[in-house]
Amino acid sequence: MKKLLLIGLFLISQGAWSQKNTDTEDIKILIEDFFEAFHAQDSTALKEFAHPEIKMQSVAIDAKGNTNLSTEDYSGFLKSIASIPKSTKFREELTDFKINTNGMIANASTPYRFFLNEKLSHCGVNTFQLMKSKGEWKIIYLVDTRSKLGCK
C-alpha cells in the first residue's frame with residue numbers, strides 16, 4: 001500500500017512539475033496577451049506588460065522611399081489605443097514567433113499583418129526586448145517595421 005501511495009505521489013508531482021512553462025512559452029503567452037489587450041483597447045492591461053522605462057520605436061518607408069525612424073512614448077501609445085473609436089476595427093495578425101532567451105533578457109521577433117476595417121493596411125515585424133525581474137517577464141523595448149510592400 002505504501003509503495004502504491006509513493007508511486008501515486010511521484011506521478012502527481014511529475015505531472016505538476018512538467019506543466020510549468022519554459023521562459024520561451026512564458027514570453028509567447030505574454031506577447032499573445034499583449035495583443036489581446038491591444039485589440040480590446042485595454043490600456044490598463046497593456047501597461048502591466050511593460051517595464052516602466054519601456055522604449056518604443058518604428059521604422060517605416062515613406063511614399064518617397066525614405067526610411068524613417070520615429071519614437072513614441074509608451075504613455076502616448078496607451079492613450080492613442082484607448083482613443084480609437086469603437087467603430088474602427090483593427091487587428092494585428094502575428095504570423096510567426098522567433099524567441100531567444102539568455103537568462104534575464106530575451107528577444108522575440110513576430111512578423112505581422114495589420115488590418116484596418118478588415119482591409120490589409122500594412123505588414124512588418126515587431127521586435128520585443130524583454131527583461132526578467134522577480135520571476136516575471138516585462139517588455140523593455142519594442143520596435144516595429146511598417147511597409148505596404150510585400151504584404152501577403
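Trainee: Which element gives the largest share of the lining of the second largest pocket?

Mentor: Start with the general idea. Rolling a probe the size of a water molecule over the atoms shows where empty space is left. Here β1 gives the largest share of that lining, six residues. A pocket is an open set of points on a 1 Å grid over the protein atoms alone, where a 1.4 Å probe fits, with protein on both sides within 12 Å along at least five of seven lines; lining residues have an atom within 4 Å of a point.

Trainee: What should I know about the model itself?

Mentor: This is a predicted model: local features need pLDDT of at least 70, side-chain atom pairs count only at pLDDT 80 or more, and totals for chains, interfaces and linings use all residues. Residues are numbered from 1 along each chain as its sequence is written, and side-chain values use heavy atoms, with hydrogens and water left out.

Trainee: How many residues line the second largest pocket, and which lie nearest its centre?

Mentor: The lining has 15 residues, and K47, H51, P52, I54 and Y74 lie nearest the centre. Two or more residues each come from α3 (43-49), β1, β2 and α4. The volume is about 220 Å³, taken as the space filled by probe spheres set on the points, which are joined across faces, edges and corners. By type, the lining has six nonpolar, three polar and six charged residues. Nonpolar covers Ala, Val, Leu, Ile, Met, Phe, Trp, Tyr, Cys and Pro; charged covers Asp, Glu, Lys and Arg; the others, Gly among them, are polar.

Trainee: What is the volume of the largest pocket?

Mentor: It is about 450 Å³. Of its 24 lining residues, F38, F77, E92, D144 and R146 are the closest to the centre. The lining of this largest pocket splits into 12 nonpolar, eight polar and four charged residues.

Trainee: How many bridges join β1 and β2?

Mentor: They pair in the antiparallel sense over six bridges. Two strands pair if DSSP finds at least two bridges between them. A60 has N68 of β2 as its bridge partner. The hairpin has five residues between the strands, and G65 there takes a positive phi near 90°.

Trainee: How many residues of β2 are buried?

Mentor: Zero of its six, so β2 lies largely in the open. Buried means under 20% relative accessible area, exposed over 50%, and partly exposed in between (1.4 Å probe, protein chains only).

Trainee: Which residues other than glycine take a positive phi?

Mentor: Most residues other than glycine have a negative phi, and most peptide bonds are trans. Here N117 has phi near 50°, and E118 has phi near 70°. N117 is in the loop between β5 and β6, and E118 lies in that loop too. N117 is partly exposed at 41% relative accessibility. E118 is exposed at 61%.

Trainee: How many salt bridges does the structure hold?

Mentor: Side chains of opposite charge can pair when their charged atoms come close. The structure holds six salt bridges. Each has a side-chain nitrogen of Lys or Arg within 4 Å of a carboxyl oxygen of Asp or Glu. One links R91 and E93, with the closest N and O atoms 2.9 Å apart. R91, E93 and R113 are linked in a network. Another joins E136 and K138 at 3.9 Å, N to O.

Trainee: Is K138 buried or exposed?

Mentor: K138 counts as buried, at 17% relative accessibility.

How values were computed. Helices (H or I, at least four residues) and strands (E, at least two) are DSSP runs, numbered from the N terminus.
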